[in-house]
Amino acid sequence: MIVLALESSCDETAAAILCAQRGLLASEVASQIAVHRVYGGVVPEVASRQHLTHLRPVVDAALAHAGVRREELDAVAATAGPGLATSLMIGLSAAKGLALGLQKPFLAVNHVEGHLLSPFFSGCEGTGGGPAPIPPAIGLVVSGGHTLLVDIDGFGRYRLLGQTRDDAAGEAFDKVGKLLGLPYPGGPVIDRLARGGDPARFAFPRSMLNSGDFAFSFSGLKTAVRYLLPKLPDRSEPTLADVCASFQEAVVDVLVEKTLAAARATGRTSVAVSGGVSCNSRLRARMEEACRKAGLQLRIAGAALSTDNAAMIGWVALHRLAHGLLSPLTADIDPNLRLV
Ligand code: KG4
Ligand code: ZN
């Protein structure tokens, strides 16, 4: 069983080839970051034009890399949502066209489910041909568009525990990066600058830390950084490093605390962190330490599977195929598609 998966929900055009027996055969990502950087963020119209340009070469590269011919594909999958409408349309329409032309099953996949299950990506060895089952866990998805905590009871059995009421964690990183005059996206740059900074120099708010639920809020934190800036003694690199480290620590405190509280509340013994922000070095270190102390198993995928990619979409598609969950060719995009 060989699946081609496409991802085009935001500003990466991606294609991956997965084999139920041999695992991941190819994963290609054409990033548009350099194009959007001049605007300081993703411009939807520009993103969809870029997807149109990049999609075919990315699919051809994935097929060539995997050594697979189009006719050998057994199914075609693509992200149906959530995401930018005109970006989603490009990948979903292409996948439907390929599936129709090849007369093969089509699968419309939820992007957030892709992130959520990416830490469990393990190939398919020793499972008798299907993907390895998804074990129970607390899932934390932290990306540029999403911040949510999910109680996972196996594939397709998800309970939303809480999500952000305003900005996503990655959005907060990117907006603070913009305030500090850093290049887009701010997340990786703040991570790098923060390594030389003092996380205790500025006391930023830990919004909703003690709210007693699993909701998040990061817009107040961004505003706190904004109000601090005119009061800074200077904008030297050491000062900016302290701002970055203090901001990052506030985000990480809340993410780690709430994730562990969710594990305690549900009795889950495993935690899976995913999405672009899971690349953050401080979040990884603090989450590792906290899980070790609490006796929880922690899974975080490598960077290539954490930021937007098509392998995670293909991974969900393999599970859907194993469960017989095919999509009709009439399936449409849904920019606000919910996980549950
Ligand atoms: O998952 P992703 O590629 O796209 C979405 O689905 O949103 O996540 C992108 C987000 C951006 O906000 C980016 O700044 C953030 O992930 N990010 C990071 C790091 N690497 C990527 N944030 C903090 N630290 C990082 N090292
Ligand atoms: Zn994403």
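Guide: A residue is buried under 20% relative accessible area, exposed over 50%, and partly exposed in between (1.4 Å probe, protein chains only). This is a predicted model, in which local features need pLDDT of at least 70, side-chain atom pairs count only at pLDDT 80 or more, and totals for chains, interfaces and linings use all residues. Residues are numbered from 1 along each chain as its sequence is written, chains are lettered from A and ligands numbered from 1 in the order in which they are written, and side-chain values use heavy atoms, leaving out hydrogens and water.

Visitor: What separates the centres of domain 1 and domain 2?

Guide: The bounds come from an automatic or database domain assignment. Domain 1 comprises 2–121 + 305–322, and domain 2 comprises 137–300. Taken over C-alpha atoms, the separation of the two centres is 27 Å.

Visitor: How many residues does the contact take from domain 1 and from domain 2?

Guide: Contact here means heavy atoms within 4.5 Å. On that rule, domain 1 contributes 21 residues and domain 2 contributes 25 residues.

Visitor: Which residues of domain 1 lose the most area to domain 2?

Guide: Buried area is the accessible area (1.4 Å probe) that two parts lose on being put together, summed over both. Between domain 1 and domain 2 it comes to about 1700 Å², with 75% given by carbon and sulfur atoms. On the side of domain 1, three residues together account for 32% of what that side buries: Leu116, Pro119 and Phe120.

Visitor: How many residue pairs are in polar contact between domain 1 and domain 2?

Guide: A salt bridge needs a side-chain nitrogen of Lys or Arg within 4 Å of a carboxyl oxygen of Asp or Glu, and across this interface the rule finds 0 salt bridges. A polar contact is a pair of N or O atoms within 3.5 Å; within protein, one must be able to donate a hydrogen and the other to accept it, and residues adjacent in sequence count only if both atoms are side-chain atoms. With both residues at pLDDT 80 or more, the count of pairs in polar contact between domain 1 and domain 2 is 5.

Visitor: Which helix gives the most to the side of domain 1 that touches domain 2?

Guide: Helices (H or I, at least four residues) and strands (E, at least two) are DSSP runs, numbered from the N terminus. Helix H1 (33–37), helix H4 (111–117) and helix H11 (311–322) each supply at least two residues to that side. With 5 residues, the helix that gives the most is H4.

Visitor: Where is Pro82 found?

Guide: The peptide bond from Gly81 to Pro82 is cis, with omega near -10°. Pro82 belongs to the loop between strand S4 (75–81) and helix H3 (85–102).

Visitor: Where is the place of Pro185?

Guide: The bond from Tyr184 to Pro185 is another cis peptide bond, its omega near -5°. Pro185 sits in the loop between helix H5 (169–179) and helix H6 (186–194).

Visitor: Is Gln103 buried or exposed?

Guide: Gln103 is not a glycine, yet has a positive phi of about 60°. Its place is the loop between H3 and strand S5 (106–110). With a relative accessible area of 63%, Gln103 is exposed.

Visitor: Does Met208 count as buried or exposed?

Guide: Met208, also a residue other than glycine, has a positive phi near 65°. Met208 lies in the loop between H6 and helix H7 (219–228). Its relative accessibility is 18%, so Met208 counts as buried.

Visitor: How many residues apart in sequence are the parts that Arg165 and Asp213 tie together?

Guide: The side chains of Arg165 and Asp213 meet in a salt bridge at 3.6 Å, N to O. Arg165 lies in the loop between strand S8 (158–163) and H5, and Asp213 in the loop between H6 and H7, so the pair ties together parts whose distance in sequence is 48 residues.

Visitor: Which helix holds both Glu289 and Lys293?

Guide: Glu289 and Lys293 form a salt bridge, with the closest N and O atoms 3.2 Å apart. Glu289 is partly exposed at 33% relative accessible area, whereas Lys293 is exposed at 64%. The two residues are 4 residues apart, about one turn of the helix, and that helix (residues 281–294) is H9.

Visitor: Which residues are linked in a network of salt bridges?

Guide: The structure holds 20 salt bridges. One of them joins Asp153 and Arg157, with the closest N and O atoms 3.5 Å apart; Asp153 is partly exposed, at 35% relative accessible area. The network consists of Asp151, Asp153, Arg157, Arg159 and Arg268.
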